[in-house]
Amino acid sequence: MKNSWLIYLLVLGLYLPCKAAKHYIRADAPAGGDGTDWERAWQQLPEDLVRGDTFYIADGYYPGYTFDDAEVGSLYIWILKATLEAHGTDIGWDDSYGDGQATWPGWNISKGRYIFDGITGQGAQGDSYGFHLTPDSCNFSSTYILAQFGTAPNCSYVEFRHIFFEGCGNTDPVCSYGIKSNSYQGYNVGSVIAHNLFYGHAVHLVLYHWRETLVEYNFFDANWSSANCHGEQVTFGNSSDEVIYRYNIHRNSATGGLGMHHNDNKNWQVYGNIFYGGHVTMGVIGCADSLISSIILLKTAWLFMISLIVIRAYSDS
């Protein structure tokens, strides 16, 4: 009997990964599709996404979406831009589906373990990115956030790659953000922000209670600031520990490049970043209202007001 159960569990373990499916989204697809190939693609992401599955997105405009699917163990959901080289099935495929951008006005994220990857894109060339988040209109009357975590706790293991987060520039007195997560109820652990372009927000990233985070190879460009919307390009705070921040480019900041705020941000590594242009009035690293006994110690090669600033940070432990 024990052998029978062992065989069953082994078979089940082999079977479960094979159940992962691929689904297809195309804005101009005919109505009534079931998402099984490009001919029968859904016109937008369905309300419920399946853990472990991959959703390929063709070029086009898509309505805003809330990612709130219940987590199942360590299973991710992959949201991938379809490209000429990688688009799942060839059934119904046309190369015109994969040579441009998939655009949304914004995302809300209230669960963890999603991978968003536009596949293509680099540097300051906005139209090279496979995914594009930008407001439908710049005449908004309240704070605008392109990727909003809100106060949802423990939205961990979320990855943003090859996405153009395009703001509207100065919208004072209304503030705008690229990615914002200000949960005080839990921690975001193990997330990745890599190979993205951020442009035209008051603050590109606002991340509180983010731990074991990797931020690398991003291009942060042209933020803005005002008396109503204090702007710096990237803000971490409130016990954001074990962060690796490397190989990012900061250009044309209205105030500062990277700020670590509030108390108890420990064990950071900051190196290989470039800061240039704009008006850096508060330095590259800010530690506003921090308990500095627990903040990282900086061993810095300062070339202030010159185009290249390389920083290495260590904990004080």
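**View 1. D99 is an exposed residue in a loop of this predicted model.** D99 counts as exposed because its relative accessibility is 59%, where exposed means over 50% relative accessible area, buried under 20% and partly exposed in between (1.4 Å probe, protein chains only). Look for D99 in the loop between β5 (77-81) and β6 (102-104); strands are DSSP runs (E, at least two residues), numbered from the N terminus, and helices are runs of H or I with at least four residues. This is a predicted model, in which local features need pLDDT of at least 70 and side-chain atom pairs count only at pLDDT 80 or more, while totals for chains, interfaces and linings use all residues. Residues are numbered from 1 along each chain as its sequence is written, and side-chain values use heavy atoms, with hydrogens and water left out.

**View 2. S128 sits in another stretch of loop.** You will find S128 in the loop between β8 (114-117) and β9 (131-133). Leaving aside neighbours within four places in sequence, S128 is in contact with T120, G121 and Q122, contact being heavy atoms within 4.5 Å. H162 is 34 residues from S128 along the chain, and their C-alpha atoms are separated by 8.9 Å.

View 3. Stepping back, the protein has 1 helix and 29 strands. Of its 317 residues, 51% are buried. Among contacts between residues at least 6 apart in sequence, 71% join residues at least 24 apart.
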